[in-house]
Amino acid sequence: MRLITDFDGPIADVSERYYQVYQYCLREIARSGQEIHRLSKQEFWNLKRAQVKEAEIGVRSGLDGTQADQFAQLRRDTVHRMEYMPLDQPVPGAIQALERAQGMGWELVVMTMRRVRELDEALERCGLARFFTPDRRYCLPNDYVKTRDVEDKPKLMAKAMGELPPAALTWMVGDTEADIAAARSAQIPIVGVLSGIRDRDRLEGYEPDAIAPNLAGAIDYIIAKTNRATKTTLPREGSLPRTGS
């Protein structure tokens, strides 16, 4: 069994980094004395998971239209800065889920829109490098200029499919439409997880093969699904050939 998993969402919780960057950008863009409505972390994260645009989040926080555009641009320029990366922490239960999959002999592959330095920092800091050998890490070069994730991630998948040895069965786990697009491009099934940056309504709209609460739930689903598939291929009782006299 080969499991290809996204990093942010199934494994890493990025909500604190995103929220701290939101607050920083709000402070930078707001005028002196301007009345601002700073969203709570839960309010902010709910909007992000519902794919509310950055400029709209700015407006809901009290910025005017011009400021909201500036806010959105500053957020894009800031959110992946290395000083914010240590705010990311493993999703509760993710490490145990990876240990379980590894203990069952599954081949683990990580596929992420992070750049090399961003992925390496998190793997080392969180003790996750043991799950993914260097040749099972698919991410972007440090100097890569991103276009759109739904276009860039299938390119990573194509690279992986061209390099990885054949596997009897491959599943993918992710939390966004880019993960689903990548899985579809390789014709492999995907479980969407709700521990990332898309809520159920958004994720359902992108039609993954299944939705689970987190990586552990996705692994449970894959095991159950593959076990059922194995049982359906077994001969029916009484259909085995008779041996002896």
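A: A residue is called buried when its relative accessible area is under 20%, exposed when that area is over 50%, and partly exposed in between. The model under discussion is a predicted one. The relative accessible area of Ala50 is 28%, and therefore Ala50 is partly exposed.

Ala50 lies in the loop that separates helix α2 (41–49) from helix α3 (54–60). When neighbours within four places in sequence are set aside, the contacts of Ala50 are with Asp199 and Arg202. Arg202 stands 152 residues from Ala50 in sequence, yet their C-alpha atoms are 6.4 Å apart in space.

The stretch of chain to which this contact leads may be described next. Helix α9 comprises residues 200–205, and together with strands β7 and β8 it makes a right-handed β-α-β unit. Strands β7 and β8 (residues 210–212) are paired in the parallel sense, over three bridges. Within this pairing, Val193 has Ala212 of β8 as its bridge partner.

Strand β7 itself spans residues 190–193; Ile190 and Gly192 point to one side, Val191 and Val193 point the other way, and all are buried. In a regular strand, side chains alternate between the two faces of the sheet.

Strand β7 also has a parallel partner in strand β6 (residues 170–174), to which three bridges join it. Gly192 in β7 has Gly174 standing opposite. Here too the unit is a right-handed β-α-β one, made by β6, helix α8 (residues 177–186) and β7.

Of the nine residues in strand β4 (residues 107–115), eight are buried, and the strand is mostly covered. Strand β1 (residues 2–5) runs parallel to β4, and four bridges join the two. Val110 in β4 has Thr5 opposite. Strand β5 (residues 137–140) likewise runs parallel to β4, joined by three bridges. In β5, Arg137 is the bridge partner of Val110. Between β4 and β5 the chain passes through helix α6 (residues 116–125), and this β-α-β crossover is right-handed.

The structure holds eight aromatic pairs. One of the pairs is formed by Tyr24 and Tyr84: their ring centres are 6.5 Å apart and their planes stand at 50°, so the pair is tilted. This pair links distant parts of the chain, since Tyr24 belongs to helix α1 (residues 15–29) and Tyr84 to the loop between α4 (65–78) and β3 (89–90), 60 residues apart. Tyr24 has a relative accessible area of 18% and is therefore buried. Tyr84 counts as buried as well, because its relative accessibility is 13%.

Phe131 and Phe132 form an aromatic pair that is edge-to-face, with 6.5 Å from centre to centre and 65° between the planes. Phe131 counts as buried because its relative accessibility is 4%. Phe132, with a relative accessible area of 0%, is therefore buried. One aromatic cluster is formed by Tyr19, Tyr22, Phe44 and Phe71.

Definitions and conventions: Residues are numbered from 1 along each chain as its sequence is written. This is a predicted model: local features need pLDDT of at least 70, side-chain atom pairs count only at pLDDT 80 or more; totals for chains, interfaces and linings use all residues. Side-chain values use heavy atoms; hydrogens and water are left out. Buried means under 20% relative accessible area, exposed over 50%, partly exposed in between (1.4 Å probe, protein chains only). Two strands pair if DSSP finds at least two bridges between them. A crossover is right-handed if, with the strands pointing away from the viewer, the path from the first strand over the helix to the second runs clockwise. Contact means heavy atoms within 4.5 Å. Rings of Phe, Tyr and Trp (its six-membered ring) pair if their centres lie within 6.5 Å; planes under 30 degrees apart count as stacked, over 60 as edge-to-face and the rest as tilted.
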